[in-house]
Amino acid sequence: MTLSLAAMGEAARAVNAPLFADVPGDIAVSFEFFPPKTEAMAATLWASVETLAPLRPRFVSVTYGAGGSTRERTHGTVERIARTTAIPVAAHLTCVNATRGEIDAVADQYWEAGVRHVVALRGDPPGGQARFSPTEDGYRDAAELTAGLVARHPFEVSVGAYPEVHPEAANATSDLAHLKRKLDAGATRAITQFFFEPETFFRFRDRAAAAGITAELTPGIMPVVNYASLVRMAGMVGTSIPAWLGRLFDGLDAHPEARQLVAATIAAEMVRRLYAGGVRHFHFYTLNRAELAFAICHLLGVRADSIENQVAA
């Protein structure tokens with residue numbers, strides 16, 4: 001990768017300046033939530049939305065369970081955010097266990113509710129299935145889903161990307177070809193699966209550029225809330241866990257406050273290094289916990305705005 005003079009200067013500042021000092025105010029962030037299963041979880045989610053709203057995110061997204069298992073909760077959460085906040089909200093949609101007609105009807109509902117952004121994903125295989133199998137008369141993959149969405153309404157569409165290759169892909173080349181299909185079908189950007197070393201993203205960005213992909217690639221950032229859970233998730237999506245990460249969290253199981261401090265520092269340092277490499281937009285997987293994402297944004301100079309951006313009462 002060849003860096004511009006400006007990027008080289010920024011890289012030098014990242015190395016030589018005090019950590020997190022003098023980061024210009026040109027970072028844009030977005031946040032992902034999942035729909036709550038209980039009243040207590042709903043309260044936690046809404047507290048997170050209230051905490052992060054003043055940071056003026058580009059958008060927040062709400063996930064959609066495999067097999068439509070959280071379909072109604074996702075719809076309710078998305079509608080509430082759209083109705084009661086000034087935050088642009090993106091609804092996840094998947095191809096799992098639904099016909100085209102059913103998915104199109106959900107898309108119509110979102111459009112009528114004022115939602116203009118969809119995160120289009122194939123979705124994970126339903127429980128008990130080793131591999132994804134399209135529903136009869138359903139969308140076969142995220143590229144078909146994207147094309148269907150933009151044909152129905154002028155949605156902004158984000159899609160997923162895998163810096164370390166999708167676990168089901170034959171190889172990195174075919175994985176990039178599929179990503180290009182999704183973008184060519186009408187997607188605006190690709191949001192990556194989480195990773196833990198900046199070089200992972202930079203190598204992926206270079207390979208994508210060589211494959212003719214010019215759309216925005218937004219890195220997905222996963223602050224470490226629970227290390228054991230993270231290892232399980234990483235195994236499912238093909239994310240590498242560097243040995244140094246395990247060493248940093250070793251011995252912190254009984255010290256949640258210290259664990260959060262370590263997690264925030266790791267994520268903020270990685271974002272700082274991504275910034276030095278020219279990245280300006282970041283997507284945080286919050287797991288419905290705002291504290292870490294808020295702390296990381298604060299370290300990077302993304303600060304709470306005036307009360308006009310607060311959640312409505």
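Reader: Is Phe282 buried or exposed?

Author: This is a predicted model, so every value here is computed from predicted atoms. Burial is read from the relative accessible area, and under 20% counts as buried. Phe282 has a relative accessible area of 1%, so Phe282 is buried.

Reader: Where in the chain is Phe282 placed?

Author: Phe282 is in strand S8. Strand S8 covers residues 281–285, and four of its five residues are buried.

Reader: Which residues does Phe282 touch, leaving aside its neighbours within four places in sequence?

Author: The contacts are Ile27, Ala28, Val29, Ser30, Thr218, Pro219, Val271, Leu274 and Tyr275. Take Pro219 as an example of sequence against space. Phe282 and Pro219 are 63 residues apart in sequence, but their C-alpha atoms are 5.5 Å apart. For the protein chain, consider the contacts with a separation of 6 or more: residues 24 or more positions apart account for 80% of them.

Reader: Which strands pair with S8?

Author: A pairing is read from the bridges that join two strands. Strand S1 (residues 28–33) pairs with S8 in the parallel sense over five bridges. In that pairing, Val29 stands opposite Phe282. Strand S7 also runs parallel to S8, and two bridges join them. Here Ile221 is opposite Phe284 of S8.

Reader: What do the eight strands form together?

Author: The eight strands close into a barrel, in the order S1-S2-S3-S4-S5-S6-S7-S8, with parallel pairing. On average, neighbouring strands of this sheet are turned by 30° against each other, with direction ignored.

Reader: How many bridges join S5 to S6?

Author: Four bridges join S5 (residues 156–161) to S6 (residues 189–194), and the two strands run parallel.

Reader: What describes two packed helices?

Author: Two numbers are used: the angle between the axes and the distance between the axes. For helix H6 (residues 172–184) and H7, the angle is about 70° and the axes are 10 Å apart. The range 65 to 115 degrees counts as roughly perpendicular, so H6 is roughly perpendicular to H7. Their crossing is right-handed.

Reader: Which residues make the contact of H6 and H7?

Author: On H6 they are Ala172, Leu176 and Leu179, and on H7 they are Phe204, Arg207 and Ala208. By class, five residues of this contact are nonpolar, none is polar and one is charged.

Reader: At what angle do H2 and H11 cross?

Author: Helix H2 (residues 39–52) and helix H11 (residues 290–299) cross at roughly 10°, and their axes come within 9 Å. Angles under 35 degrees count as roughly parallel, so H2 is roughly parallel to H11. The contact is made by Ser48, Thr51 and Leu52 of H2 with Ala290, Ala293 and Phe294 of H11. Four of these residues are nonpolar, two are polar and none is charged.

Reader: Which residues does Val119 touch, not counting residues up to four places away in sequence?

Author: Val119 is in strand S4 (residues 117–121) and is buried, with a relative accessible area of 4%. Its contacts are Ser61, Ala90, Ala91, His92, Leu93 and Ser158. Val119 and Glu156 are 37 residues apart in sequence, and 8.5 Å apart in space from C-alpha to C-alpha.

Notes:
Residues are numbered from 1 along each chain as its sequence is written. This is a predicted model: local features need pLDDT of at least 70, side-chain atom pairs count only at pLDDT 80 or more; totals for chains, interfaces and linings use all residues. Side-chain values use heavy atoms; hydrogens and water are left out. Two strands pair if DSSP finds at least two bridges between them. Axes are lines fitted to C-alpha atoms, for helices over the stretch in contact, and angles run from 0 to 180 degrees between N-to-C directions. Angles under 35 degrees count as roughly parallel, over 145 as roughly antiparallel, 65 to 115 as roughly perpendicular and the rest as oblique. A crossing is left-handed if the near helix is turned anticlockwise from the far one by less than a right angle, and right-handed if clockwise. Contact means heavy atoms within 4.5 Å. Ala, Val, Leu, Ile, Met, Phe, Trp, Tyr, Cys and Pro count as nonpolar, Asp, Glu, Lys and Arg as charged, and the others, Gly among them, as polar. Buried means under 20% relative accessible area, exposed over 50%, partly exposed in between (1.4 Å probe, protein chains only).
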